[in-house]
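Colleague: Hi! Could you walk me through this one? I'd like to go through it bit by bit.

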Amino acid sequence: MRLVYYIVLIVSVFMIIFGDLMLSHHTSAPLPLADVTNFVCKTSSNRSERLNVQLPMRVDLDALSQQFCNSPILAQYFGYIRLSWKPRENISAADMLSEDYEVIMGRKNSLQGVLPDFSQRFEPLSTLARFPVYWYSFEPIDNLNSEALSRMKIGIVDDKLSHTHYFLPLRYLSSHSDDVDSLNIQYFNDTYTMYDAFKNQRIDLMSTGSWFDEELTKPFYKHFIAHTDVGGWFVSSNLPDDAKCELFTLLGPMTHHLSQFLQVERTIVPAECV
């Protein structure tokens, strides 16, 4: 699928661009953890502190960690770098209170829901702009009233933290259907299986962003639901400014290609990094 291609492309670009950022010939020594969603490497310093970075998607943690551990700026403050990927629904207040993460990506309101004083502990590093969410169908959907919805098989991703595939479409259904409990709603474990079901017309209606246009090979119809924000990178307020700017640079390729994929713009660049 083309969606998978874009994710692979993002990872590939990490390797190309991050390679150009290497300013030291130091070769970091990887210290793999038992959990394959975590990877720790050692920097060139003898410091004991560890920087913990929570990534928004699965990537090649081994290769990516080398770019962070080869940074002479981060080595001034940290002896180890841990890159991890954890499903956002599994991130707890205990994780954040114990400072398991100094760098994390997400929506501010969602992160504040996990940790009420999030804004006192973290500050934005790079934020992506809002984007529109649409219903998609292979049949005209200009008038999605209660009667029309009752005749449709509707796909929803069972991810309560997803605005695009869960919260916004369910809110729309609740406000436009006389009896939302009677609707034929099919829940999917992830977007990939829902997209596949839609393309093969096993469901009639699903929600996503405009990036999905390129996935479709036959005529389709869209109906606007609402705008939503993508979120952004947040860093611990305790990090030194030069470390924040280095992280902004190292995370730049992922942020850039996510913004291109989602067709949105970055809206924040830290003033100290300009």
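Modeller: Happy to. One term before we start: helices and strands here are DSSP runs, numbered from the N terminus. Keep in mind that this is a predicted model.

Colleague: Thanks. Where is Gln201, then?

Modeller: Gln201 lies in the loop between α9 (191-199) and β9 (206-208). Its phi is near 60°, a positive value in a residue other than glycine. Most residues other than glycine have a negative phi.

Colleague: And how exposed is Gln201?

Modeller: Gln201 counts as partly exposed because its relative accessibility is 43%.

Colleague: New topic: how many disulfides does the structure hold?

Modeller: One. Cys41 and Cys69 form that disulfide, with their sulfur atoms 1.9 Å apart. The link is right-handed, with 95° about the S-S bond.

Colleague: Which parts of the chain does the pair link?

Modeller: Distant ones: Cys41 is in strand β2 (residues 38-42) and Cys69 in helix α2 (residues 61-69), 28 residues apart.

Colleague: Are those cysteines buried or exposed?

Modeller: Cys41 is buried, at 0% relative accessible area, and Cys69 is buried too, at 1%.

Colleague: How do strands β7 and β8 run?

Modeller: Parallel: five bridges join β7 (residues 153-157) to β8 (residues 184-188). Lys153 stands opposite Asn184 in β8.

Colleague: Last one: where does Thr127 sit?

Modeller: Thr127 is in strand β6 (residues 122-137), and it is buried, with a relative accessible area of 18%. Thr127 and Gly231 are 104 residues apart in sequence, yet 5.9 Å apart in space, C-alpha to C-alpha.

How values were computed: Residues are numbered from 1 along each chain as its sequence is written. This is a predicted model: local features need pLDDT of at least 70, side-chain atom pairs count only at pLDDT 80 or more; totals for chains, interfaces and linings use all residues. Side-chain values use heavy atoms; hydrogens and water are left out. Helices (H or I, at least four residues) and strands (E, at least two) are DSSP runs, numbered from the N terminus. Buried means under 20% relative accessible area, exposed over 50%, partly exposed in between (1.4 Å probe, protein chains only). Two strands pair if DSSP finds at least two bridges between them. A disulfide is a pair of cysteine sulfur atoms within 2.5 Å.
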